[in-house]
Amino acid sequence: MRALFAVALLAVCGWLSLPWLKIHLPPQWNPFTPLNVTDPPGWMTRYKLKRLSNDPAACMAVMRQASEQRLVQFRAVPPMQGDCPIEQPLRISGYGDVTLSSSFLASCPMAVTSTLFVINSQNALRQAGITSPLKRISHVGSYACRNIYHRQEGRLSEHGSADAWDVTGFQLANGRWLEVGKNWQQPEDAAAGLHALWRNGCATFGNALGPDYNAAHASHFHLGMRGTGYCR
Ligand SMILES: [Zn+2]
């Protein structure tokens with residue numbers, strides 16, 4: 001009986017402190033504050049990202065805000081029909097000063113996640129000892145209506161819902177390229193930069209698969225929405 005009373009008291013205290021928490025918690029720790037793409041990676045950011053996948057209007061609001069902050073350039077395109085439908089596809093054409101080898105299609109949650117990824121990549125590179133900032137990303141696409149590994153049977157790939165992005169290389173402002181296919185092992189500084197970018201991939205995306213995973217990923221990072229930080 002006494003234990004029950006204690007639990008009830010705690011619940012009431014928790015409930016009463018909600019308004020205070022809503023105002024005083026820093027935004028990246030506050031579950032009530034909408035996600036901002038500049039939030040640092042972590043479980044709260046991941047929770048907010050997951051919540052966006054069930055809330056198209058909130059997702060678009062995050063993207064519009066990011067666009068106003070000049071952190072991403074995109075436009076909404078008509079819904080995709082057929083075997084691989086997408087309700088609210090966006091075409092991403094750049095991330096602020098970071099340009100792309102070509103524009104690509106993304107589900108709204110993937111658009112938000114990729115923006116987080118690019119913003120945090122600058123930090124990841126610096127921490128890996130690479131001083132020249134990221135300037136350009138080359139990739140081989142995102143949306144493809146197919147099963148995993150192009151198999152006849154099996155489950156639909158994350159690419160079937162534009163929930164994954166295959167990135168092949170990163171160019172720095174000084175002109176240097178870090179290519180997944182060439183620099184995963186050498187030279188040392190480029191390899192360190194690529195490993196940091198790959199780890200940043202699974203800190204923001206649900207999964208990041210690279211050359212160590214299997215031969216199918218020898219030349220690119222697969223950055224996908226499924227999972228909660230699966231790094232291979
Ligand atoms: Zn892929």
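Analyst: We can begin with the core, which needs a definition: a nonpolar core is a set of buried Ala, Val, Leu, Ile, Met, Phe, Trp, Tyr and Cys residues joined through C-beta atoms within 7 Å. Please keep in mind throughout that this is a predicted model.

User: Which residues of the largest nonpolar core touch the most other members?

Analyst: The general idea is that in soluble globular proteins, nonpolar side chains tend to be buried together. Here the largest nonpolar core has 53 residues, and those touching the most other members are Val62, Met63, Ala106, Ala111, Val112 and Leu223. Helix 4, which spans residues 108–127, gives the most to this core, with 10 residues.

User: How should I read a sheet, and what is the strand order in the open sheet of three strands?

Analyst: In general, strands of a sheet pair through backbone hydrogen bonds, either parallel or antiparallel. In this case the order is 1-2-4, with antiparallel pairing, and strand 1 and strand 4 are the edge strands, each pairing on one side only. From one strand to the next the twist averages 35 degrees. Helix 4 packs on the sheet, where it touches strand 1, strand 2 and strand 4, and its direction makes about 20 degrees with that of strand 2.

User: How many bridges join strand 1 to strand 2, and which residue of strand 2 is the bridge partner of Phe74?

Analyst: Strand 1 (residues 73–76) and strand 2 (residues 90–94) run antiparallel and are joined by four bridges, and the partner of Phe74 is Ile92. Arg75 stands opposite Arg91 in strand 2, while Arg91 also has a bridge partner in strand 4, namely Leu105. Strand 2 and strand 4 (residues 104–106) are paired in the antiparallel sense over three bridges.

User: What should I look for in the backbone torsions, and which residue other than glycine has a phi near 60 degrees?

Analyst: As a general rule, most residues other than glycine have a negative phi, and most peptide bonds are trans. Arg70 has a positive phi near 60 degrees, and Arg70 is found in the loop between helix 3 (56–68) and strand 1. Ala162 also has a positive phi, of about 55 degrees, although it is not a glycine, and Ala162 lies in the loop between strand 5 (134–139) and strand 6 (164–172). As for the peptide bonds, the one from Gln186 to Pro187 is cis, with omega near -10 degrees, and Pro187 lies in the loop between helix 5 (180–183) and helix 6 (188–204).

User: Is Arg70 buried or exposed, and is Ala162 buried or exposed?

Analyst: The reasoning rests on a count, in which a residue is buried if 20 or more other C-beta atoms lie within 10 Å of its own, and exposed if 12 or fewer do. Arg70 is exposed because it has 11 other C-beta atoms within 10 Å, whereas Ala162 is buried because it has 26.

User: What does the domain assignment give for the protein chain?

Analyst: The assignment gives domain 1 (1–33) and domain 2 (34–231), and their centres, taken over C-alpha atoms, are separated by 35 Å. Five residues of domain 1 are in contact with eight residues of domain 2, and the side of domain 1 that touches domain 2 has three nonpolar, two polar and no charged residues.

Notes: Residues are numbered from 1 along each chain as its sequence is written. This is a predicted model: local features need pLDDT of at least 70, side-chain atom pairs count only at pLDDT 80 or more; totals for chains, interfaces and linings use all residues. Two strands pair if DSSP finds at least two bridges between them. Helices (H or I, at least four residues) and strands (E, at least two) are DSSP runs, numbered from the N terminus. Domain bounds come from an automatic or database domain assignment. Two residues are in contact if their C-beta atoms, placed from the backbone, lie within 7 Å. Ala, Val, Leu, Ile, Met, Phe, Trp, Tyr, Cys and Pro count as nonpolar, Asp, Glu, Lys and Arg as charged, and the others, Gly among them, as polar. Axes are lines fitted to C-alpha atoms, for helices over the stretch in contact, and angles run from 0 to 180 degrees between N-to-C directions.
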